[in-house]
Amino acid sequence: MRIVIKNGRLIDPASGTDDRLDVVLSGGRVEAIDRNIKGSAEDEVIDAEGSLVLPGLVDMHVHFREPGREDVETILGGSMVAAKSGFTSVCTMPNTTPVIDNQALVRFIIMEAAKGPINVFPSANITKGGKGEEISEMGELIKGGAVAFTDDGRPVMSSITMRRALEYSRMFGAPILSHAEDKSLADDGLMNEGLNSIRLGLKGIPREAEEVMIARDILLARLTKGKIHFCHVSSEGSVEIIRRGKNDKINVTCETAPHYFSLTDDEVEELMSMAKMNPPLRTESDRKGIIEGLRDGTIDVIATDHAPHSPNEKMQEIEYAPFGIIGLETSVPLIITELVRKNNFSYIQAFAKVTCNPAGILNLDRGVLKSGGHADVTIVNPERKIKVDEQFLLSKCKNTPFTGRELYGSIEYTICNGKIVYRRG
Amino acid sequence: MNALNRKDLLDIKSLSPEEILLICDTAKYFKDVFTRDVKTVPVLRGKTVCTLFYEPSTRTRLSFELAAKMLSANTINVPVTTSSVVKGESLIDTVRTLEAMKADYIVMRHAASLAPHFLSKNIDGSVINGGDGYHAHPTQALLDTYSIIEKRGTLKGLHIGIIGDIKHSRVARSDLLVFKKLGAKVTLCGPSTLLPDEFEQYGVDMTYDFDELLPDLDVVNMLRIQRERQQGSLFPSIREYNLLYCLTEERFAKCRSDVIIMHPGPMNRGIEIDDAIADHPNSIINEQVTNGVAVRMAVFYLLAGGTPFKDEENQEA
């Protein structure tokens with residue numbers, strides 16, 4: 001059966017298209033994109049009047065906790081949350097139990113994901129056991145289906161190991177996703193170091209803990225001509241260093257997360273563990289720096305760092321609660337509310353960060369809407385408000401600092417490989 | 001000021017100057033009570049006060065317990081160590097158990113900053129902060145304030161120095177807030193690694209030079225130095241710390257003759273303060289302990305809805 005999407009505003013950041021165009025999907029592919037397509041009686045016709053018709057969205061940084069913490073989230077459960085949130089492709093992080101450092105585990109993730117509604121592309125560990133010592137069998141991991149390498153959650157502290165990883169991964173074209181954090185400088189801190197950490201008597205993590213590692217990895221990328229991508233960039237200084245790296249023609253890309261352009265460490269006193277993530281929320285000037293980095297293209301990608309934690313784990317003293325918040329379901333609403341509405345981003349500019357840009361970094365033929373391409377489509381009504389509450393959140397874990405917020409941007413349909421995997425109820 | 005209309009006492013930040021003075025006035029009354037022969041009054045009869053100390057403490061816990069007993073409350077002490085927190089029951093579950101046993105007041109000390117704030121959002125009972133992490137120690141700050149008022153009548157215009165490990169001190173954070181609120185000039189002094197620039201946000205003066213500061217102070221409040229800080233390279237040795245920041249007899253000689261010497265305890269004699277100074281007539285360190293009981297009685301009384309005593313002697317400071 002064909003699906004015909006009519007009357008929508010089609011946004012395809014890869015081609016720079018922003019136009020009233022209809023789309024026909026058939027056999028898992030985009031059959032046609034044109035004006036005023038007439039559907040036949042057997043077609044499923046979607047009236048997208050007033051909505052944006054986007055390529056299926058890509059989130060290149062999620063934690064689905066399987067294997068190991070299936071009580072918190074699973075690959076299937078996480079995939080359903082992603083579908084509901086407009087994402088048709090995600091890249092899972094390998095800091096599971098056990099970590100994803102061999103081919104069998106990569107295949108396991110792909111097998112589990114096949115039961116679900118969306119495309120799951122696993123990343124695998126840079127180092128064996130995620131210990132930061134010996135590099136993993138990258139060739140075999142790539143053959144198994146891994147699309148990138150990262151020791152996310154644990155930085156590769158040894159510079160020589162990082163050098164080897166960048167050199168070796170080069171031959172596969174796969175990026176190294178760097179969790180940039182100097183652990184010794186972070187010194188077991190739990191929020192941004194600054195006025196608020198001093199006031200609250202909480203141990204601070206200076207932004208320099210992130211920035212020194214970003215500087216190091218850019219220099220190593222220059223040395224090795226490797227492909228470095230920085231996860232969850234949170235500080236103004238990081239953006240400046242990456243901007244300079246890009247000006248120097250070093251092969252560097254990066255992502256930020258919606259909370260870094262929406263919140264600051266002023267929230268920690270009230271929200272406590274719900275505002276605890278790593279890297280931590282920074283200050284207003286960092287938040288502005290992140291927005292400017294997104295605007296001028298220094299920051300290529302918005303990824304959620306979706307990190308479910310059980311209520312018990314988060315219902316603790318902030319010092320003992322784990323780092324991380326869920327992010328999939330609030331991602332599009334925050335992009336529309338904070339970037340498009342408050343900061344005048346164009347839809348093309350904003351949605352490039354969750355479509356063609358991450359797909360390009362991960363070498364995926366996703367994140368574009370073109371004739372003959374995969375039939376991944378997300379339809380978003382940017383004027384419809386959603387309220388973040390228990391009822392709205394499908395995720396099993398509700399650890400978000402955005403509870404209670406009303407935001408613009410509701411997901412109307414998510415279509416993955418030609419199938420409607422989510423329809424607003 | 002007629003009463004403290006609040007469920008909890010969590011920090012100094014949320015108290016107005018009027019509320020602080022109300023607590024001090026009330027403490028004066030209770031000091032009279034408990035320095036007489038029959039020390040109990042029936043203010044908290046039938047109520048249960050539970051002390052829940054997740055960090056070792058002798059004087060603060062005893063002081064709260066004694067204060068509660070003198071107000072005729074039933075007191076229970078739950079001894080806990082940090083290790084049992086990590087392994088066992090969560091804080092919320094522990095306190096809900098105490099609530100199920102109808103504890104009316106939870107006095108908590110906790111190594112994690114904001115733990116009492118977290119607790120107060122999630123339980124109905126009254127939470128009194130007996131010190132949380134590096135964040136706040138409101139009853140210590142109130143007893144320090146009361147002790148100074150007792151000597152000088154007011155804090156207005158006084159110059160108070162707080163000396164030592166400012167960065168890791170909940171006493172320093174609460175003291176500077178209460179002293180500023182009541183109009184004192186506050187100077188923080190310590191080595192640069194223990195005195196972050198961010199403390200400027202409080203509108204206090206800061207210096208690394210103890211010797212230069214001393215002659216100008218009305219009150220010298222010495223903080224305890226934790227020996228383990230040295231392992232984190234925050235200062236090179238106890239010897240050097242002592243050399244730069246110990247209140248020695250030589251340094252004391254530079255002070256005003258009527259200077260007040262304070263210390264929240266427990267003291268490291270010979271490290272941050274010399275024996276002779278700790279026991280000097282200008283030192284009110286032992287009176288601070290006595291006043292601590294009176295101030296905590298006042299806090300219980302006012303949280304229980306008690307109103308000010310109409311005693312002519314209780315002039316507002």
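In the predicted model, strand E1 (residues 48–53) of chain B runs parallel to E2(B) and pairs with it over 6 bridges. Helices (H or I, at least four residues) and strands (E, at least two) are DSSP runs, numbered from the N terminus, and two strands pair if DSSP finds at least two bridges between them. B:Cys50 has B:Ile76 of E2(B) as its bridge partner. Both strands belong to an open sheet of 4 strands in chain B, with the order E2-E1-E3-E4 and parallel pairing. Strand E2 (74–79) and strand E4 (126–132) of chain B are its edge strands, each pairing on one side only. On average, neighbouring strands of this sheet are turned by 15 degrees against each other, direction ignored. Strands of a sheet pair through backbone hydrogen bonds, either parallel or antiparallel.

Residues are numbered from 1 along each chain as its sequence is written, while chains are lettered from A and ligands numbered from 1 in the order in which they are written. Because the model is predicted, local features need pLDDT of at least 70 and side-chain atom pairs count only at pLDDT 80 or more, whereas totals for chains, interfaces and linings use all residues.

Strand E8 (residues 219–222) of chain B is covered on both faces. B:Val219 and B:Asn221 on one side, and B:Val220 and B:Met222 on the other, are all buried. A residue is buried if 20 or more other C-beta atoms lie within 10 Å of its own, exposed if 12 or fewer, and partly exposed in between, with C-beta atoms placed from the backbone. E8(B) pairs in the parallel sense with strand E5 (residues 159–163) of chain B over 4 bridges, and B:Gly161 stands opposite B:Val220. E8(B) also pairs in the parallel sense with strand E9 (residues 260–262) of chain B, over 3 bridges; here B:Val219 has B:Ile260 as its bridge partner.

In chain A, 8 strands form an open sheet with parallel pairing, in the order E8-E9-E10-E11-E12-E15-E16-E17. Its edge strands are strand E8 (57–62) and strand E17 (301–302) of chain A, each of which pairs on one side only. Within chain A, strand E15 (residues 228–230) and strand E16 (residues 252–256) run parallel and are joined by 3 bridges, with A:Val252 as the bridge partner of A:Ile228. Helix H7 (residues 208–224) of chain A lies across strand E12 (176–178), E15 and E16 of chain A, at about 165 degrees to E15(A). Axes are lines fitted to C-alpha atoms, for helices over the stretch in contact, and angles run from 0 to 180 degrees between N-to-C directions.

The contact between the chains takes 18 residues from chain B and 14 residues from chain A. Two residues are in contact if their C-beta atoms, placed from the backbone, lie within 7 Å. On the side of chain B that touches chain A, the elements giving two or more residues are helix H4 (91–100), helix H5 (115–122) and helix H7 (170–181) of chain B.

A:Glu137 lies in the loop between strand E10 (119–124) and helix H3 (138–144) of chain A. A:Glu137 is partly exposed because 16 other C-beta atoms lie within 10 Å. The C-alpha atoms of A:Glu137 and A:Tyr168 are separated by 9.9 Å, although these residues are 31 residues apart along the chain. Elsewhere in chain A, A:Val53 touches residues including A:Ile5, A:Leu10, A:Val23 and A:Ile379, not counting residues up to four places away in sequence.
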